[in-house]
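Subject: Model for you to look over

Hi,

Here is the model I promised to pass on. Please open it alongside this note; my findings follow below.

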Amino acid sequence: IIDCSISLDIPLELNLGGLNFNSFYSVIRGTYSYPNHLFWKRVGEKKAKVVVGFDAHRPDELKVHPEWFLKRFISAHNLNIVDPKDVLFLKKNKKEV
């Protein structure tokens with residue numbers, strides 16, 4: 001998945017929706033499988049592009065994800081975060097994949 005995203009220049013989504021089902025500390029310690037630390041460590045090592053998603057179905061769900069956690073997770077995994085506006089398939093002047 002990681003190599004494919006790199007070859008197609010399509011970022012992976014770090015979907016933080018899983019945080020609604022476990023504690024922040026279980027995710028930081030790596031004791032919960034979503035988001036999976038081993039996968040995101042490999043993403044960081046390969047420098048694949050990443051966008052951040054929240055999987056929120058209501059605006060109040062965005063408050064569940066503190067900024068300190070997101071920054072810590074990104075830093076711990078050395079993720080290459082990109083702006084969703086810069087994603088290949090959103091640019092009209094790029095050829096289609």
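Glu-45 and Lys-41 sit four residues apart in helix α3, so about one helical turn separates them. (Helices are DSSP runs of H or I with at least four residues, strands are runs of E with at least two, and both are numbered from the N terminus.) The two form a salt bridge, with the closest N and O atoms 3.9 Å apart. By salt bridge I mean a side-chain nitrogen of Lys or Arg within 4 Å of a carboxyl oxygen of Asp or Glu. Glu-45 counts as exposed at 53% relative accessibility. Lys-41 is partly exposed, at 47%. The cut-offs: buried is under 20% relative accessible area, exposed is over 50%, and partly exposed is in between (1.4 Å probe, protein chains only).

A word on provenance. This is a predicted model: local features need pLDDT of at least 70, side-chain atom pairs count only at pLDDT 80 or more, and totals for chains, interfaces and linings use all residues. Residues are numbered from 1 along each chain as its sequence is written, and side-chain values use heavy atoms, with hydrogens and water left out.

Confidence next. pLDDT is the predictor's confidence in each residue, from 0 to 100. The protein's mean is 78, and 66% of its residues reach 70 or more. Helix α2 (residues 24-29) has the lowest confidence, at a mean of 61. Strand β3 (residues 80-81) has the highest, at 96. Where pLDDT is low, the predicted coordinates should not be read in detail.

The overall layout. There are four helices and three strands. From the N terminus on, they run α-β-α-α-β-α-β. Of the 97 residues, 35% are buried. Take contacts (heavy atoms within 4.5 Å) between residues at least 6 apart in sequence: 73% of them join residues at least 24 apart.

Back to salt bridges. The structure holds four. Asp-3 pairs with Lys-46, and the closest N and O atoms are 2.8 Å apart. Asp-3 lies in helix α1 (residues 2-8) and Lys-46 in helix α3, so this pair ties together parts 43 residues apart in sequence. Lys-46 is partly exposed, at 41% relative accessibility. Lys-49 and Asp-9 also meet through their side chains, at 2.7 Å from N to O. That pair links distant parts of the chain: Lys-49 is in strand β2 (residues 49-53), Asp-9 is in the loop between α1 and β1, and they are 40 residues apart. Both are partly exposed: Lys-49 at 33%, Asp-9 at 30%.

The largest nonpolar core has 13 residues. (Such a core is a set of buried Ala, Val, Leu, Ile, Met, Phe, Trp, Tyr and Cys residues joined through side-chain atoms within 4.5 Å.) Among those with the most contacts inside it are Leu-12, Trp-40, Val-50 and Phe-73. β1 (12-15), α3 (37-46) and α4 (67-77) each supply at least two of its residues. α4 gives the most, with four.

So which residues of α4 are buried? They are Phe-69, Leu-70, Phe-73, Ile-74 and His-77. The face turned away carries the exposed residues Glu-67, Lys-71, Ser-75 and Ala-76. Asn-78 follows α4, with a positive phi near 55°.

Best wishes
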